[in-house]
Amino acid sequence: MTKDTTAISKDLLSVLMQQNMLLLQQQKDLQIEREAYRIEMMKMEFSMRASLPADTRPQWVSKDEAAWLLGLTLFTTGHHRRAIGWLHDNGELITTAGGRNSMLFLRNEVMEVNQRIVEGTVIVPKKFG
C-alpha cells in the first residue's frame, strides 16, 4: 500500500468505528425506551386491577404488583423486586406461591404491610429506593 491508501484506510476505519459507536448508543437508548414502556404498561395494568371491585381482583400478586401496591418506585432494572425480597426474607410478606423467581404474594397481606409502612412500624431500607 502507498501512503495515500494507508491514510484513507485509517480515515475509513475511524469513520466506521464512530458509526459503530453511534449505532451501539442508539440500540442502548432503544432498549431503555422499551423497558420504560414496559414499566408504564405494568403500572396501567396494576391500576386497572386496583379499580376492580374487591371480590373480583386476583388474590395473588407478583413482585412487581406488590412493589406498586406498596408505593415503591418501579425500576427498569427490577431493583424494586429486591425490596420485596427483603420484606419476604425479614418476615413481613410470608404467604407465597410459586418459586423464588416467580414468587406471588397474597394481596391482603401486601395491603397489611402497606398499612404498617404508612404507620411507620415497618421501614424499608433506603437502598431499595
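Which elements do the buried residues of helix 3 pack against?

## Helix 3 and its surroundings

In this predicted model, the buried residues of helix 3 pack against helix 2 (63-69), strand 3 (104-106) and helix 4 (107-119). Helix 3 itself covers residues 79-89, and its buried residues are His 80, Ala 83, Ile 84, Gly 85 and Leu 87. An α-helix has 3.6 residues a turn, so residues three or four places apart point the same way. In helix 3, His 80, Ala 83 and Leu 87 may be located in the structure as buried positions.

Just after helix 3 comes Gly 91, which takes a positive phi of about 80 degrees.

## The nonpolar core

The largest nonpolar core consists of 20 residues. Those with the most contacts inside this core are Leu 70, Ile 84, Leu 87, Leu 93, Phe 105 and Val 110. Helix 1 (3-50), helix 2, helix 3 and helix 4 are the elements that give two or more residues to the core.

What does Leu 70 touch, not counting residues up to four places away in sequence? With those residues left out, Leu 70 is in contact with Ile 84, Leu 87, Val 110, Val 113, Asn 114 and Ile 117. Of these, Ile 84 and Leu 87 are buried residues of helix 3.

## Arg 107 in helix 4

Arg 107 belongs to helix 4. Is Arg 107 buried or exposed? Arg 107 has a relative accessible area of 7% and is therefore buried, the cut-off for a buried residue being under 20%.

The side chain of Arg 107 reaches the backbone oxygen of Pro 58 at 3.0 Å. Not counting residues up to four places away in sequence, Arg 107 touches Arg 49, Arg 57, Pro 58, Gln 59, Val 61, Glu 65 and Leu 69.

Terms used:
Residues are numbered from 1 along each chain as its sequence is written. This is a predicted model: local features need pLDDT of at least 70, side-chain atom pairs count only at pLDDT 80 or more; totals for chains, interfaces and linings use all residues. Side-chain values use heavy atoms; hydrogens and water are left out. Buried means under 20% relative accessible area, exposed over 50%, partly exposed in between (1.4 Å probe, protein chains only). Helices (H or I, at least four residues) and strands (E, at least two) are DSSP runs, numbered from the N terminus. Contact means heavy atoms within 4.5 Å. A nonpolar core is a set of buried Ala, Val, Leu, Ile, Met, Phe, Trp, Tyr and Cys residues joined through side-chain atoms within 4.5 Å. A polar contact is a pair of N or O atoms within 3.5 Å; within protein, one must be able to donate a hydrogen and the other to accept it, and residues adjacent in sequence count only if both atoms are side-chain atoms.
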